[in-house]
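The following questions and answers concern a predicted model. Please consult the structure alongside each answer.

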Amino acid sequence: MTDTDPLVPVLAGLVVDVLRFLDSCEDDEVDPDAAVKMMEGVSWVLNRLPPDQRDRFLATLAGLAAAEQEPGRREFLEAFPFAGGLVADPEERGRAEA
């Protein structure tokens, strides 16, 4: 896939949407332990991406967030890199530098 491949943002958006679904499910919809296990597994895989691919994924997420009209999905897209451990939390980084 190339940077202009239209499949890249579609797949990145699907990954985030599945995790958003799991994050927002009630306990009677999806077993909480199974949801957490799946979310941790996806984060583990994404964190193992080579730096250039991780940067490409993060850039794709930023583009999706910038174009998103629905506030809840936009907020989740913006928070995803931090929540998934792909980048350092800016607040933690600020405390560590102080």
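Q: Is Leu7 buried or partly exposed, and what is its relative accessible area?
A: The place of Leu7 is in helix H1. Exposure in this predicted model is judged by relative accessible area, where buried means under 20% and exposed means over 50%. Leu7 falls in between and is partly exposed, with a relative accessible area of 41%.

Q: About how much accessible area do the residues of the nonpolar surface patch with Leu7 have together?
A: Leu7 is partly exposed. Leu7 forms a nonpolar patch on the surface with Val10, Leu11 and Leu14. Together these four residues have an accessible area of about 330 Å².

Q: Which elements make up the chain, and in what order do they run from the N terminus on?
A: The chain contains five helices and zero strands. Read from the N terminus on, the order of the elements is therefore α-α-α-α-α.

Q: What percentage of the residues of the chain count as buried?
A: A residue counts as buried when its relative accessible area is under 20%. Applied to the 98 residues of the chain, this criterion gives a buried share of 26%.

Q: What distance does helix H2 reach from its first C-alpha to its last?
A: Helix H2 spans residues 32-47 and has 16 residues. At 1.5 Å a residue, the expected value is 22 Å. The reach in the model is close to that expectation, at 22 Å.

Q: Why are the buried residues of H2 on the same side, and what arc do they cover?
A: The buried residues of H2 are Ala35, Ser43 and Leu46.

Q: Which helices do the buried residues of H2 pack against, and which exposed residues lie on the face turned away?
A: The buried residues of H2 pack against helix H1 (7-24), helix H3 (51-67) and helix H4 (71-83). The face turned away from the buried side carries exposed residues, namely Asp33, Lys37, Glu40 and Trp44.

Q: Which residues does Leu22 touch, not counting residues up to four places away in sequence?
A: Leu22 is found in helix H1 and is buried, with a relative accessible area of 13%. The C-alpha atoms of Leu22 and Met38 are separated by 8.4 Å, although the two residues are 16 residues apart along the chain. The residues that Leu22 touches are Val30, Ala35, Met38 and Met39.

Q: With which residues is Thr60 in contact, leaving aside its neighbours within four places in sequence?
A: Thr60 has its place in helix H3 and counts as buried at 15% relative accessibility. Its contacts are Val8, Pro9 and Ala12.

Q: How many residues apart in sequence are the parts that Arg73 and Asp17 tie together?
A: Side chains of opposite charge can pair when their charged atoms come close. Arg73 forms a salt bridge with Asp17, with the closest N and O atoms 2.7 Å apart. Because Arg73 lies in helix H4 and Asp17 in helix H1, the parts tied together are separated in sequence by 56 residues.

Q: Which residues do salt bridges that share partners join into one network?
A: Glu68 forms a salt bridge with Arg73, the closest N and O atoms lying 2.6 Å apart. Both Glu68 and Arg73 are buried. Through shared partners, the network consists of Asp17, Glu68 and Arg73.

Conventions. Residues numbered from 1 in each chain as written. Predicted model: local features only at pLDDT ≥ 70, side-chain atom pairs only at ≥ 80, totals over all residues. Heavy atoms only, no water. Helix = DSSP H or I, 4+ residues; strand = E, 2+ residues; numbered from the N terminus. Expected span 1.5 Å × (residues − 1). Buried < 20%, exposed > 50% of the residue type's maximum accessible area, 1.4 Å probe, protein only. Contact = heavy atoms within 4.5 Å. Patch = residues over 30% accessible without salt bridge, like charges linked within 9 Å, V, L, I, M, F, W, Y side chains within 5 Å. Areas by Shrake-Rupley, 256 points an atom, 1.4 Å probe, with all protein chains shown as cover. Salt bridge = Lys/Arg side-chain N within 4 Å of Asp/Glu carboxyl O.
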